[in-house]
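Colleague: I have a model open and want to learn how to read it. Can we go through a few features together?
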Amino acid sequence: MPTLKNNKINSPFSKKNQHDQKYKTILSAASELFNVYGTRGTTLIQIAEKLNLTKTSLYYYAKNKEELVHQCYLNTCTELQAMITRANNTEGSAMGKIECLLRLNFDCLNGIMNGTRGHLAGFTEISSLSTQHKKEISGLIRTFVIQVMALIELGKNDGSIQNVHPATTSSALWGAIFWLPVWLHSVKNDSREATYQQWLSIVKYGLNNHETALSFAVTKHAKKQLAPAGFDRIQQNKIKQEAFYRVGSIFFNQKGFKGTSLDELAHSLGVTKGAFYYHIKNKDDLLIKCFERTVSIESEVLEDALAIDNNGLEKLAYAAQKLFSIQVGKQGPLIRYATMWSLGIDKKQEMEITTSKIRDLFGNIIQMGIDDKSIKHVDVLVAENIIVGAVESIPDLGDTISEDNVVGDSVDFFHMFFNGIAT
């Protein structure tokens with residue numbers, strides 16, 4: 001029985017508690033709208049209307065939309081740190097602690113979908129924040145990676161985790177976690193627990209159906225190059241457009257849609273803004289073209305993988321390594337799917353349909369592997385999304401990737417998904 005001595009009750013009469021509860025409600029509503037419509041497509045008026053508030057009342061809690069987005073991201077970081085702390089404090093092996101962290105993330109997301117807890121903002125538009133806020137949120141996410149790296153090192157010492165590369169494996173693990181909200185909503189409520197167990201099994205034990213670890217083939221991927229243009233104006237235009245799409249992808253990935261200016265893009269290529277507009281209508285058009293280029297490249301890689309005379313697991317490894325080498329090589333980068341939230345709602349939905357076809361191609365390869373028994377009998381939806389999420393998170397590796405060791409780095413990065421991390 002509760003006593004005044006041993007228990008404290010959050011009094012509903014406390015003005016501070018009332019303020020905190022209202023603030024959490026605002027962050028939840030704003031996060032939900034940001035996740036659906038993007039920060040660019042969401043207005044403070046929409047948030048106020050969702051909460052039955054006046055815009056003036058909302059200003060009492062947030063000066064402007066930029067500040068509210070920042071506070072939503074900070075709230076997500078606070079929740080994630082609480083999960084990491086709780087996982088670290090559980091008894092048992094390091095692998096058990098990581099399992100606890102994965103479970104807490106899933107339960108949080110499941111609670112959001114079931115309406116039993118408030119929404120959290122996905123880290124889809126960090127690059128659009130101000131320099132100071134971007135540095136703060138990126139720094140916090142980096143601490144999450146470092147803390148899981150420490151758990152992996154602990155697991156290697158206590159024998160619960162394989163001899164994997166701590167930094168790349170931690171980044172890959174967070175990539176899988178951050179990608180969960182993108183696809184888990186498509187799973188029915190009564191199937192989510194089974195889906196989570198499939199997801200967890202891939203993280204722990206990988207897709208490889210053989211007793212020995214997959215030996216990634218050192219595949220020499222031919223570098224795709226456009227033929228010399230000479231006096232061929234069509235070819236010249238293709239080369240110029242390719243340069244626009246590549247530099248556009250670099251800027252959008254690093255600075256976000258709002259933070260990218262066409263003046264900067266033109267200057268980086270040594271062209272006038274007028275010459276830029278000759279090839280590109282506007283910034284929206286460039287972002288769409290960057291997506292179309294990315295989808296085209298990924299489709300080509302996956303079709304090549306389907307065509308090679310290997311089993312399904314080896315086809316999947318070929319595609320994963322090839323996309324890794326493109327992302328960090330001279331043909332890259334590919335646009336991050338997260339930038340999709342900067343598009344208008346109609347174009348975003350169109351791009352979501354297009355990118356879902358990429359996931360289907362991954363799914364086709366995985367199904368081939370299941371059929372030829374090189375890949376475990378897994379839920380194809382889960383497996384294809386865990387690989388797509390991994391590819392999406394490759395840019396997060398940043399300067400840890402060496403141009404002289406792309407193959408080795410890709411093997412370290414994808415080890416978890418093919419061979420698992422648990423001993």
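Modeller: Start with the nonpolar core. This is a predicted model. Its largest nonpolar core holds 130 residues.

Colleague: Which residues touch the most other members of that core?

Modeller: Trp199, Phe414, Phe417 and Phe418 do. As for elements, helix H5 (residues 94-114) gives the largest share of this core, eleven residues.

Colleague: Take Phe417. Which residues is Phe417 in contact with, leaving aside neighbours within four places in sequence?

Modeller: Ala172, Ala176, Ile202, Gly206, Leu207, Ile386, Ile387 and Ala390.

Colleague: Now the backbone. How do I read phi and the peptide bonds?

Modeller: Most residues other than glycine have a negative phi, and most peptide bonds are trans. Look for the exceptions. Asn52 has a positive phi, near 60 degrees. Lys373 has a positive phi too, near 65 degrees.

Colleague: Where is Asn52 found?

Modeller: In the loop between helix H2 (44-50) and helix H3 (55-59).

Colleague: And where does Lys373 lie?

Modeller: In the loop between H14 and helix H15 (380-392).

Colleague: Why does Asn52 count as exposed?

Modeller: The cut-off for exposed is over 50% relative accessible area. Asn52 has 73% relative accessibility, so Asn52 counts as exposed. Lys373 counts as exposed because its relative accessibility is 59%.

Colleague: Which residues does a cis peptide bond join?

Modeller: Gly332 and Pro333, with omega about 0 degrees. Pro333 is in the loop between helix H13 (312-328) and helix H14 (345-371).

Notes: Residues numbered from 1 in each chain as written. Predicted model: local features only at pLDDT ≥ 70, side-chain atom pairs only at ≥ 80, totals over all residues. Heavy atoms only, no water. Helix = DSSP H or I, 4+ residues; strand = E, 2+ residues; numbered from the N terminus. Buried < 20%, exposed > 50% of the residue type's maximum accessible area, 1.4 Å probe, protein only. Core = buried A, V, L, I, M, F, W, Y, C linked by side-chain atoms within 4.5 Å. Contact = heavy atoms within 4.5 Å.
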